[in-house]
Amino acid sequence: MNVSILLIILLIGAFATYFVGDKLASKVALFFSLAALGCSLVLLNHFCAGENISLINAWITEPKISFALNADGLALAMVLLTLSLTPIIIFSSFGNDYKNAKGFYALILFMAFAMTGTFLAADGLLYYIFWELSLIPIYFIALIWGNGDADERRKAVVKFFIYTLAGSLFMLVAFIYLSQKANGSFLIEDFYKLNLSATEQLWIFLAFFLAYAIKIPIIPFHTWQANVYQKAPTVGTMLLSGIMLKMGLYSVIRWQLPIAPLAAKEYMNIFIVLGIAGVIYGSIVALRQKDLKKLLAYSSLAHVGLIAAGSYTLTIDGLRGAVLQMIAHGFVVVGLFYAAEIIFRRYETRNIAEMGGIRTQSPKFTSMFLILLLASVALPGTFNFVGEFTVLYSLSQVNVWFAVLGGTTIILGAYYMLKMFQNVMLGETNSKTFKDVTLNEGISLVVIIAVLLFFGFYPKPITDLITPSLETILSVINKN
């Protein structure tokens, strides 16, 4: 058994979901997403037992393009994130009615297929194909099932599509150049072996950076993010923030740094500063938001800025902390956006000023929301604390001021998140009735909270899984 089975399950699931019709689409999509998750856990067990579950087959002779899937610990961690969040996201949508539900849920599974392929791909062209394929379903999900005025939504989604597509073209040019240097091969292991000059590495590094900085996003390439997060349906926002932006962060570690290590070392401080600038900018703008979804969008921008800064430290602590924080952020941001959707279902507004008094009507939901909020601000005992502490520790190894400035995400985050909690949950009872959470809503939130608390106290399984892969990548970076 190899990891290609995951792609087959998700692709078959996407087609099956579409052809069963609207009535059964959500249930079929949930079944296939759970099947993929179960299969990934079986493959993880095989991997931990020392079996080779990777795949490499010749695909195109000239140039030398292979259907290569690399299932090391790092890739498996990101695949598990994707395949754990996908059924949660699908299940969380059961409280909404969607027109053309078969198309909606089929696109979710197809997006999971493309993102899984991106994390596993070990051939540059195959990776690029999966990278671009993931853009198509989220474009239609946001465009067709999004919120607000249709013209504004169209403008926001088209801007996102053009931005990401344009940035990816520079990455494609870089792959073509690298393949010429590697005798026509697109395999990542052949790219790692190249002896590129400092100038060549700089241009390759910048080409990759443009694609990844837009996807993550990193300042100043973030201008698409808040509007798309706001206009997309909550399922689309959860897919974008929980999984899709991790493609860029993962790719920095997997592709950019080891292929162009000289440029990474030479300009490390610049890119760390850009990441920290995102932390400060995202936090300050979040303070001023009146829309709950936009506040969470800018909060996410601040957190991913810190993850990016940790990645560019080129230390084992920085890489490990970045990956841990990617996974933790994926769960907590999905939980927060889902909580915002639960509020919207009852109040039909995302304006924070129109909320308040939820605690007296639904103490259970208030408690779960508070746990998610505390995880977001990296309270010790939550998964996010493990990642943020490790990243800040790695920043202090480079320059203590980087750690001090990066740490503002905790201080400012605590301020604007607690202020938001006060305005949304506390105060006088709202004139609108807030019905207590349903069983489906409660299950989704409890599962997310359980993950955040379990790995907050015991992150060793994930740390042990990803560390060997990160050490291998770091050895490639340091040999140049």
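Analyst: Happy to! A word on terms first: buried means under 20% relative accessible area, exposed over 50%, and partly exposed in between, with a 1.4 Å probe and protein chains only. This is a predicted model, in which local features need pLDDT of at least 70, side-chain atom pairs count only at pLDDT 80 or more, and totals for chains, interfaces and linings use all residues. Residues are numbered from 1 along each chain as its sequence is written, and side-chain values use heavy atoms, with hydrogens and water left out.

The part in question comes from an unreviewed UniProt entry, whose annotation "domain: NADH:quinone oxidoreductase/Mrp antiporter transmembrane" covers residues 123-408. UniProt positions follow the numbering used here, feature names are shortened, and annotations may be inferred rather than shown by experiment. Over residues 123-408 the chain is 80% helix and 0% strand, with 39 Å between the end C-alpha atoms. Helices (H or I, at least four residues) and strands (E, at least two) are DSSP runs, numbered from the N terminus.

Now to the loops. Between α7 (150-181) and α8 (188-192) sits asparagine 183, a non-glycine residue with a positive phi near 60°. Asparagine 183 counts as exposed because its relative accessibility is 65%.

Finally, alanine 378 is in the loop between α17 (363-376) and α18 (383-398). Its phi is positive, about 60°, although alanine 378 is not a glycine. With 6% relative accessibility, alanine 378 counts as buried.
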